[in-house]
Amino acid sequence: MARIVIVSNRVPIPKSRVPAAGGLTVALRDLLIPGSMWFGWSGRLAAEPSLQPALVEARGVTYATVDLTAEAHRAFYVGFANGALWPLLHFRLGLMHYRREDYLGYLAVNQTFATALGQVLQPEDSVWAHDYHLLPLGRMLRQQGFTGPLGFFLHVPFVPPSMLEAIPVAREMVADLCAYDVVGFQTEEHARDFRDCAQRLLGAMVDGEWVRLNGRRMRVFADPIGIDAQAFAEEAERSANDKLVHRVSGSLSGRLLAVGVDRMDYSKGLPHRFEAYGRLLERHPEHRRRIHFLQICPRSREEVDEYRKLRAELDRLTGRINGRFSEFDWTPLRYSTRPAPRSTLAGLYRISRIGVVTPLRDGMNLVAKEFVAAQPDDDPGVLVLSRFAGAAHELTEALIVNPFDPDAIADAMHAALNMPLAERLERHVALKAKVFRTTASVYCQRFLDALHAPALTLQAA
């Protein structure tokens, strides 16, 4: 029987009867049916890499994992994936640190994945690999003799040829992606940039969504990721009784709440956002004591220098804003680096007048969609959204801003605070319809339909 095999850098093995709630797990939940498999790194560092995957079964799904050595993980994850690829794909060339030894380590870990996965793959399987950690995996599986459907989805942005060429292995990266049968991107802009790279760097022939190279065709298309909007809306409604949500709501003392939720990363535009909030309070003193801004920002990748510097900068900005504007009974900026449960976040979105989602560059950003889904239909909040988030291509009724312009963000927050209920309702109805239409289920089905299309099946045969 044909099965779907999901491959990602890290495998979220359920540790209880409650399903894991990570972003990728939520997006792929419809595929986690009995008989399916999820393969990737275990999260453990060992003295020797494991070539035989460890298998764990939970609710009928097989989770297959391998261990990595500390040295391999450093070169693969810290060095190339997040030291070179992440800044490159987020348009931050000044932060890109390319080292050939890191790239070789990246290839070696992908080969470890391919070798281990090859031991548990069946001929009729379909493989769907996820994100920038696994660009060469498809080529390596083909070299091992796997002939089944191979798909890849990039969750982060892609860049045009003039920028991709900054990394010395640009041609190799594009050629590796061309080994897949189907490659999906969050937006048509990202898909078009990849097709342009294949044409310019490799001389591939491009016809619409199809790329022809070395006698074979592959499809490159946009498949925006979504959420389970109905389930999230119901969770937000239930979370009104969440203890933390209740405490936050009570502490507002009738004031309005603006909320931002981001992993601590330089791509999220957090310093610009804090600056914007300070300018809002400076230029529009009528909002002082009327609003609290809550930024939830869990720490990540603290082994990377840029992330430690970012945390220090955010600490400084928080102190400056609160030192300048706070009063004995009002702290304007609340900033927490602790992660919050998904249910709590849903409740916080629901009680917020403004959702501030202003990354400098993002593949999609599901916080924007979650904020919309969580809003009460009778008194909805307003979404302030970066034009450089993939979500902005869909959620055009949000207040779209340039995230590099703190004044523009401040202006949008001011407009949101003063927006009449009638306009908020009109915008919310349109946004909600889009979020409920482009769901996680639709995302999965659209990709699998492309992967199993007759044209690809015939090509493989």
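Select Phe39 and Phe113 to start: both residues are buried. The model on screen is a predicted one. The two rings have their centres 5.6 Å apart and their planes at 90 degrees, so the pair is edge-to-face. Colour by secondary structure next. Phe39 belongs to strand E2 (residues 37-45), and Phe113 to helix H3 (residues 100-118).

Across the whole structure, a search finds 24 aromatic pairs.

**A tilted pair**

Go to Phe152 and Tyr180. Are these two buried or exposed? Phenylalanine 152 is buried, and tyrosine 180 is buried as well. Their rings form an aromatic pair that is tilted, at 5.2 Å centre to centre and with 40 degrees between the planes. Phe152 lies in strand E6 (residues 150-153) and Tyr180 in the loop between helix H6 (170-177) and strand E7 (182-185), so the pair ties together parts that are 28 residues apart in sequence.

**Charges over rings**

Select Trp210 and Arg217. The arginine lies over the face of the tryptophan, at 3.9 Å from the ring centre. For another case, move to Phe91 and Arg361: here Arg361 lies over the face of Phe91, at 3.7 Å from the ring centre.

**The nonpolar cores**

Now select Leu164 and Ile167. In the largest nonpolar core, which has 69 residues, these two touch the most other members. Helix H2 (residues 70-89) gives this core its largest share, ten residues. Centre the view on Ile167 and show its surroundings. Which residues does isoleucine 167 touch, not counting those up to four places away in sequence? They are Phe80, Ala84, Leu85, Leu88, Met96, Tyr98 and Met173.

**Salt bridges**

Begin with Arg139 and Asp176, whose side chains meet in a salt bridge at 2.5 Å, N to O. Arg139 lies in helix H4 (residues 137-143) and Asp176 in helix H6, so the pair ties together parts that are 37 residues apart in sequence. Arg139 has a relative accessible area of 25% and is partly exposed. Asp176, with a relative accessible area of 5%, is buried.

Next, select Glu209 and Arg219. Their side chains meet in a salt bridge at 2.8 Å, N to O. Glu209 is in the loop between strand E8 (205-207) and strand E9 (210-213), while Arg219 is in strand E10 (residues 216-222). The partners are ten residues apart. At a relative accessible area of 26%, Glu209 is partly exposed. Why does Arg219 count as buried? Its relative accessibility is 18%, and buried means under 20%.

Then go to Asp265 and Arg263. Their salt bridge has its closest N and O atoms 3.3 Å apart. Asp265 is buried, with a relative accessible area of 1%. Arg263 counts as partly exposed at 28% relative accessibility.

Finish the charged residues with Arg74, Arg99, Glu101 and Asp102. Salt bridges that share partners join these four into one network.

**Threonine 62**

Select Thr62, found in strand E4 (residues 61-68). Thr62 is buried, with a relative accessible area of 17%. Leaving aside residues up to four places away in sequence, threonine 62 touches Ser36, Met37, Trp38, Leu55, Val56 and Glu57.

**The two domains**

Zoom out and colour by domain. Domain 1 covers 4-226 + 442-452, and domain 2 covers 229-437. How far apart do the C-alpha centres of the two domains lie? The distance is 31 Å. To show where the domains meet, select the residues in contact: 24 residues of domain 1 are in contact with 21 residues of domain 2.

Terms used
Residues are numbered from 1 along each chain as its sequence is written. This is a predicted model: local features need pLDDT of at least 70, side-chain atom pairs count only at pLDDT 80 or more; totals for chains, interfaces and linings use all residues. Side-chain values use heavy atoms; hydrogens and water are left out. A nonpolar core is a set of buried Ala, Val, Leu, Ile, Met, Phe, Trp, Tyr and Cys residues joined through side-chain atoms within 4.5 Å. Buried means under 20% relative accessible area, exposed over 50%, partly exposed in between (1.4 Å probe, protein chains only). Helices (H or I, at least four residues) and strands (E, at least two) are DSSP runs, numbered from the N terminus. Contact means heavy atoms within 4.5 Å. Rings of Phe, Tyr and Trp (its six-membered ring) pair if their centres lie within 6.5 Å; planes under 30 degrees apart count as stacked, over 60 as edge-to-face and the rest as tilted. A charge sits over a ring if NZ of Lys or CZ of Arg is within 6 Å of the ring centre and within 35 degrees of the ring normal. Domain bounds come from an automatic or database domain assignment.
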